[in-house]
Amino acid sequence: MNIRWKYPFAFMLLISVTVWLAVLFYPEAKLKIIACDVGQGDAFLITYKVTQILIDSGPGRKVLECLDRNIPFWDREIEMVMLSHPQKDHYGGFLDVIARYDVQVFVTSGLDSSSQEFQLLKSQVTGGGIKVVDAVEGMTMRVGLIYLDILHPSKEFLAQESTLVDDKDDKVLGVYTSKKDPNEFSIVAKLRYKNFDALFTGDASPELSNIIAQRLSVNGKQTLEYIKIPHHGSRNGLTEELLKVARPRVAVISVGRNNNYGHPHEEILKILEDKDIKVLRTDLLGDIQIVTDGESWWEE
């Protein structure tokens, strides 16, 4: 082979192989919800083709393993991440996610945290020029064919329970402080994709779960296909009132193996069992993947 053609040929071959690999690994046109096994924490990856939303990130780097398994190797953009509330078992992995991926939008409840790691995340988001959106009840966000309806926090709740510490026009991460439990600020969001609905609840308390039940019941009883059980299955989270309104088909519990908190609590498991709701747990199954075409759904 003529030496002048050797390297251009190799370059063209590399491009061809890369293109074919991209075609072979191009995601199918179905919505997937992956509850990532990140131990005692939450991280939920929602994908549709090459669109991704990441709700929470677990306490550390383990979330990257889940992203590597479920995002094409050539895709280094995540359209949206959402932090339900600023506790490490929900935000700790975002430091590594933002370092590896180009995050377009960061959705937050607006609550700040004085922890050193959260302040580092705050500077990372600001320095990276990532758009910050403070979620408020009544807001609907769209990412491609995926819709997220925000059910909590409300403007009234923020006004009563928090203090504004930053100019909100700056759109920095964490503009409110509060003496109230951060769990009460959890973003609760209803995901809609065609006729498939899922509810993400952060670490909602029983009081907040009942508030969400009231907000869902405005349109009558719901039939949600999927619910993320709040607070890792703690007894201080899910209520029968929420289940009565939401009527989910499958309940996913993100929880660490042999954790020190006794999660998920037997009382919660009994409630779900009595209502004949299918329960899937990351401590028993690892990553949990639910797939839907917008009409039917199944576990993979």
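Biologist: Which residues of strand S2 point one way, and which the other way?
Modeller: Phe44, Ile46 and Tyr48 point one way from S2. Leu45 and Thr47 point the other way, and all are buried. The model is predicted: local features need pLDDT of at least 70, side-chain atom pairs count only at pLDDT 80 or more, and totals for chains, interfaces and linings use all residues. Residues are numbered from 1 along each chain as its sequence is written, and side-chain values use heavy atoms, with hydrogens and water left out.

Biologist: Why is S2 called mostly covered?
Modeller: Buried means under 20% relative accessible area, with exposed over 50% and partly exposed in between (1.4 Å probe, protein chains only). In S2, 5 of its 5 residues are buried.

Biologist: What makes threonine 51 buried?
Modeller: Its relative accessibility is 19%, so threonine 51 counts as buried. Threonine 51 is in strand S3 (residues 51-55). Leaving aside neighbours within four places in sequence, threonine 51 is in contact (heavy atoms within 4.5 Å) with Ile46, Glu79 and Val143.

Biologist: How do you know that S2 and S3 pair?
Modeller: Two strands pair if DSSP finds at least two bridges between them. S2 and S3 have 5 bridges, in the antiparallel sense. Phenylalanine 44 stands opposite isoleucine 55 in S3. The two strands form a hairpin with 2 residues between them. Lysine 49 in the turn has a positive phi of about 55°.

Biologist: How many bridges join S1 to S2?
Modeller: There are 5, and S1 and S2 run antiparallel. Isoleucine 34 has leucine 45 as its bridge partner in S2.

Biologist: How many helices and strands has the chain?
Modeller: It has 10 helices and 17 strands. Both are DSSP runs, numbered from the N terminus: helices are H or I, at least four residues, and strands are E, at least two.

Biologist: What makes the buried residues of H2 line one face of the helix?
Modeller: In H2 (residues 62-70), Val63, Leu64, Cys66 and Leu67 are buried. Seen down the axis, they fall within an arc of 160°, so they line one face. The arc is that of the directions from the helix axis to the C-beta atoms. These residues pack against S1 (31-35), S2 (44-48), S3, S4 (77-83) and helix H4 (94-100).

Biologist: Why are S7 and S15 said to stand at the edges?
Modeller: The open sheet has 7 strands in the order S7-S8-S11-S12-S13-S14-S15, with mixed pairing. S7 (140-143) and S15 (278-281) each have a single partner strand, so one side of each is left without a neighbour in the sheet. S14 (residues 250-253) pairs with S15 in the parallel sense over 4 bridges. Alanine 251 has valine 279 as its bridge partner in S15.

Biologist: Which residues have the most contacts inside the largest nonpolar core?
Modeller: They are Ile46, Met82, Val107, Leu191, Phe200 and Tyr226, in a core of 32 residues. A nonpolar core is a set of buried Ala, Val, Leu, Ile, Met, Phe, Trp, Tyr and Cys residues joined through side-chain atoms within 4.5 Å. Apart from it lies another core, of 28 residues, among them Ile34, Leu95, Leu121 and Leu173.

Biologist: What share of the chain do buried residues make up?
Modeller: Buried residues make up 54% of the 300 residues.
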